[in-house]
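Please have the structure open while reading.

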Amino acid sequence: MSALVAGTVISANYVPSARVLVNSWRRFHPDIAFRVLLVAEEPVCRDAAAAGLDVVRLGDLQIPDLAGMLARYDCLQLVTALKPAILRYLLEQGHEAVVYLDADMLVTGNLTPLLEQVAGHALCLTPHLPCARATVSREKLERSLLLAGLYNAGFVGVANRQESRQFISWWEQRLRTLSRKDKKRGYNYDQRWLDLAPSYVGDTHLVRDPGCNVGHWSIPEITVTRDGDGYRANDGPLRIFHFSGFDPRQPACLSRHGGRRSVNHAGFAPELFAEYAKLLHAAGWEQFIDAPWPWPRPAFWRRWWER
């Protein structure tokens with residue numbers, strides 16, 4: 001049994017994204033397994049496994065009230081609600097530490113320093129903004145993050161400790177019914193709940209490496225540049241880029257979030273986005289993008305539950 005394992009959660013339309021992520025992970029860490037919880041019907045799971053993904057089925061996780069979650073949640077709500085479930089499952093398999101990565105990420109550098117931090121702390125998170133800056137533009141972004149969440153839920157690292165397991169159990173219980181987006185009431189799927197993590201987990205470690213979990217929110221802080229066969233984030237290596245909100249049909253747009261800025265904005269290397277779009281297309285993005293969600297909710301239920 002490997003001491004450390006990585007994982008993600010996807011629906012069928014994210015199978016190409018997961019293939020790209022897993023392949024990028026294996027490029028730098030071929031000896032560390034990467035497992036994919038695929039929330040889809042069995043034929044899709046079999047095809048994904050045949051394509052090289054190490055697939056975990058939804059039925060493997062023994063999720064309380066799974067039927068209720070399938071009834072009340074749409075695709076995005078359910079996939080985000082299952083992040084703590086895959087963390088719990090992988091710890092139960094005997095691993096000493098687990099790294100969760102969103103499927104719309106790309107590993108672009110060696111992660112050994114990050115993995116050492118994950119193994120050495122009960123909980124590791126990446127803050128959207130790692131330091132204070134008293135500027136007008138930063139104030140606007142900070143107000144946005146007070147509603148969206150202080151830590152980006154695309155990365156979560158846990159070691160197999162009692163306080164880690166207690167936190168995962170709490171997070172899983174909250175997301176069983178409250179994985180929803182209503183920022184005025186304090187909900188943003190799985191992410192806002194992480195704001196409470198430092199209060200609940202004494203050994204919460206904030207990863208401040210500027211090259212880990214870089215995304216559209218990092219524009220004020222990070223400049224991404226080409227460096228030979230890889231990339232740099234400011235003065236260090238770019239290790240993980242998070243393509244949150246990126247659509248390969250519009251490769252010049254940084255993200256559908258945050259004002260739809262250009263990939264040329266503030267030094268976000270356009271080559272990186274072009275490379276990622278090419279990888280997605282090669283992985284079958286067009287084939288999977290419109291994959292149906294097999295558990296549609298009745299419209300009346302959605303209107304009632306989201307009031």
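β11 and strand β12 (residues 230-233) pair in the antiparallel sense over four bridges; two strands count as paired if DSSP finds at least two bridges between them. This is a predicted model, in which local features need pLDDT of at least 70, side-chain atom pairs count only at pLDDT 80 or more, and totals for chains, interfaces and linings use all residues. Residues are numbered from 1 along each chain as its sequence is written, and side-chain values use heavy atoms, with hydrogens and water left out.

**The three-stranded sheet**

- The strands form an open sheet of three in the order β11-β12-β13, with antiparallel pairing.
- β11 (224-227) and β13 (236-237) are the edge strands; each has a single partner strand, so one side of each lacks a neighbour in the sheet.
- In general, strands of a sheet pair through backbone hydrogen bonds, either parallel or antiparallel.

**D190**

- D190 sits in the loop between β9 (187-188) and α9 (197-200).
- The relative accessible area of D190 is 4%, and the residue is buried (buried means under 20% relative accessible area, exposed over 50%, partly exposed in between, with a 1.4 Å probe and protein chains only).
- Leaving aside residues up to four places away in sequence, D190 touches T80, K83, A153, W171, L175 and S179; contact means heavy atoms within 4.5 Å.
- W171 is 19 residues from D190 in sequence, and their C-alpha atoms are 8.3 Å apart.

**D102**

- D102 is placed in the loop between β4 (97-101) and β5 (105-107).
- D102 counts as buried, at 14% relative accessibility.
- Not counting residues up to four places away in sequence, D102 touches T8, L21, K83, A153, G154 and H242.
- K83 and A153 are among the residues touched by D102 and also among those touched by D190.

**The chain as a whole**

- The chain has 12 helices and 14 strands, taken as DSSP runs numbered from the N terminus (helices H or I, at least four residues; strands E, at least two).
- For 307 residues, a compact globule would have a radius of gyration near 19 Å, and the 18 Å of the chain agrees with this; the radius is taken over C-alpha atoms, and the globule rule is 2.2 Å times the number of residues to the power 0.38.
- The C-alpha trace spans about 45 × 45 × 40 Å along its principal axes.
- Buried residues make up 53% of the 307 residues.
- Of the contacts with a separation of 6 or more, 74% are between residues 24 or more positions apart.
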